[in-house]
Amino acid sequence: MIKAIPKPMEEIINYVQDCTKLLIAGCDGCVTVCEAGGLKEAKVLASALRLYFTQGGKQAQVDETSLTRQCEKEYLAQLSDRIDQYDAVVSLACGVGIQHMAEIYDKKVVYPGVDTCFLGVNEERGLYSERCQACGRCILAETGGVCPIARCSKRMLNGPCGGSEGGKCEVSKDIPCGWELIYERLKTLGQLDRFENPVVPKDWTTSRDGGPRKIVREDLRI
Amino acid sequence: MSAETPSRLQKMINAGHLAVTSEVGPPRSADGVVIEHKANLIKDYVDAINVTDNQTSVCRLCSLAACIRIKQMGLEPVLQMVTRDRNRIAMQSDILGAASFGINNILCLTGDHQHFGDHSSCANVFDLDSTQLAMTVRMMRDEGKLLGGYEFEVRPQMFIGAAANPFAGPNVAIRVARLAKKVAAGVQFVQTQCIYNMDTFKTFMKMMVDRGLHEKVAILAGITPMKNVGMAKYMKNRVPGIDVPDAIVQRMGGVPKEKQAEEGINLAIEQMEELKGVEGVRGFHIMAIEWEEKVPEIVQRIGLYPRPQLAA
Ligand code: SF4
Ligand code: SF4
């Protein structure tokens, strides 16, 4: 899933300090799972902002809501009858949802309430780590199910580099070496011979290098 | 080791001599004279001079310009190239540029992550990795072709090198397998990470020899003399992928401060003496970090001076 973290309060205050009517819009999707932007976080942020305005002696209305998914029009449409009354919206969805909100309500100021970080897993509550960079041409079949693009700091396709030590990446002792993980997995699978064949340069056109991407599924379009 | 090139380093190795290379780190300024000065210190004692490419991700005068300068001094440069900072367009372009000045040696590296350097907030590239860079150079040289498919006439005559680190993870066998992969990608010579753990290195070489890989790639053993016990500790604890056994730290620390530099040189000489007898070692790569002036003494003491003259 997409992983995000709440933006610092000061940054959000900086955006909204001149507003008098504000909507905090959470999303029930990924950001709810990583506890950065669901209804619960929308409520917490709204009360904190109310407190901020009251303490500053300012009259301001702060409402909160959460939509099923901000990346889908149908759910964003649920705001259509009331969004006009607000000066601005703070969206707690991921960067996709925030942009979609701004796209659908193109006259409305929409501020980001979270920093969108990566595609990752929940290792445990409050601990999330990256797994995929959406390169558009998945090579997990060749690498024992561990992604070298997302999990090697140098996205090497022929690792591990000479800085790999004790299972850790040269960048930090907190980062497992992606290529050590690949090695362990290939060993388990009895596929270590893969280490002997050079992997040719990758075609990055399906990654961000090809420009903004789009999927057209004719089979689904009617 | 296939493809013959005009590289003097390659000729030296093929003639059966123990090759000696060393390196020059360019300055963090536009002062090209520094390169001449450093190259002059070592030129009579080595067969080729590596020029590092923004090593440890610290921005410096570029390797290509420094290599051209060294070439114009009548010496033999080894162009180090890391894939961290440039994509395949820029790297192939630099290879053609280098070859146009008669530079015949390249060392293909992935490079340290920028996290270590003076621009840690930069974007990195890593379009290719070191193995893929070697494949690219081989294709340019042997097929006269760019990665994009364009074919050209005047090919870069590069003796292709890479690094190898027997001491990195996960284990020695994988380091051998990875080097085998680089060899399959076209690598003809290797300069190893600095060797302090002789046992691990010997295990690595034994595996190389058992697989006959030592005949396919010339291995130059990496030597970095220690200046003092502080450097030994730093390398042991802080530099990823360098294995400094406790005995070496103790030995460096066991002599008075003013004698430590001498001890470091003695240690390097002893290691080289031992390495001379290891099957598959075809020479030495001496990385005397900011200590280039010691290279002549080391080469003399190990009995590799004067350098053999090759028939023109
Ligand atoms: S190979 Fe590409 S798609 Fe597959 S996990 Fe890695 S980044 Fe994601
Ligand atoms: S240590 Fe491992 S994860 Fe880190 S850059 Fe090297 S190969 Fe990649």
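Which residues touch the most other members of the largest nonpolar core? Here are my notes on this, and on a few other spots to look at while you have the structure open. Keep in mind that this is a predicted model.

1. **The main core.** The largest nonpolar core holds 71 residues, and B:Ile106, B:Phe201 and B:Leu275 touch the most other members. Take B:Phe201 as a way in: leaving out residues up to four places away in sequence, B:Phe201 touches B:Pro166, B:Phe167, B:Thr192, B:Ile195, B:Ala221, B:Leu275 and B:Val281. As general background, nonpolar side chains in soluble globular proteins tend to be buried together.

2. **Helix H3 of chain B.** This helix covers residues 63-72, and its buried residues are B:Ser63, B:Leu64, B:Ala66, B:Cys67, B:Ile68 and B:Ile70. What do they pack against? The partners are helix H2 (33-42), strand E2 (48-51), strand E3 (77-82) and helix H4 (88-100), in chain B. After H3(B) comes B:Gly74, with a positive phi near 85°.

3. **B:Gln80, in strand E3.** B:Gln80 sits in strand E3 of chain B, and E3 is one of the elements that the buried residues of H3(B) pack against. Is B:Gln80 buried or exposed? B:Gln80 is buried, because its relative accessible area is 8%, under the 20% cut-off. Setting aside neighbours within four places in sequence, B:Gln80 contacts B:Glu23, B:Asn50, B:Val51, B:Thr52, B:Asp53, B:Ser63, B:Leu107 and B:Leu109. One of these, B:Ser63, is also on the list of buried residues of H3(B).

4. **B:Asn165, with a contact in chain A.** Look in the loop between strand E5 (159-164) and helix H6 (172-184) of chain B for B:Asn165. B:Asn165 counts as buried, at 7% relative accessibility. Beyond neighbours within four places in sequence, B:Asn165 is in contact with A:Gly162, B:Arg175, B:Gln193 and B:Gly241.

5. **H9 against H10 in chain B.** The axes of H9(B) (residues 246-253) and H10(B) (residues 260-276) come within 9 Å and cross at roughly 140°. That angle makes H9(B) oblique to H10(B). On the H9(B) side the contact uses B:Ile248, B:Arg251, B:Met252 and B:Gly253, and they meet B:Gln260, B:Glu263, B:Gly264, B:Asn266, B:Leu267, B:Glu270 and B:Gln271 in H10(B). By type, the residues of this contact divide into three nonpolar, five polar and three charged. B:Asp246 is also in H9; B:Asp246 counts as partly exposed, at 46% relative accessibility.

6. **Cis prolines to check.** Which residue is joined to A:Pro160 by a cis peptide bond? A:Gly159 is, with omega near -5°. A:Pro160 lies in the loop between helix H6 (148-151) and strand E8 (168-169) of chain A. In chain B, B:Tyr305 and B:Pro306 are joined by a cis peptide bond with omega about 0°, and B:Pro306 is in the segment after helix H11 (295-301).

7. A:Arg155 has a positive phi near 35° and is found in the loop between H6 and E8 of chain A. At 19% relative accessibility, A:Arg155 counts as buried, given that the cut-off is under 20%. B:Phe126 is another case, with a phi of about 45°. B:Phe126 lies in the loop between strand E4 (105-109) and helix H5 (130-143) of chain B and is buried at 1% relative accessibility.

8. **Layout of chain A.** Chain A is divided into domain 1 (2-118) and domain 2 (137-204). Taken over C-alpha atoms, the centres of the two domains are 39 Å apart. A:Gly126 is in the loop between strand E6 (114-124) and strand E7 (127-132), and A:Gly126 is exposed, with a relative accessible area of 56%. From A:Gly126 to A:Lys73 the C-alpha distance is 30 Å, for residues 53 apart in sequence.

Conventions. Residues numbered from 1 in each chain as written. Chains lettered and ligands numbered in written order. Predicted model: local features only at pLDDT ≥ 70, side-chain atom pairs only at ≥ 80, totals over all residues. Heavy atoms only, no water. Axes fitted to C-alpha atoms, helices over the stretch in contact; angles between N-to-C directions. Helix = DSSP H or I, 4+ residues; strand = E, 2+ residues; numbered from the N terminus. Parallel < 35°, antiparallel > 145°, perpendicular 65-115°, else oblique. Contact = heavy atoms within 4.5 Å. Nonpolar A, V, L, I, M, F, W, Y, C, P; charged D, E, K, R; others polar. Domains from an automatic or database assignment. Core = buried A, V, L, I, M, F, W, Y, C linked by side-chain atoms within 4.5 Å. Buried < 20%, exposed > 50% of the residue type's maximum accessible area, 1.4 Å probe, protein only.
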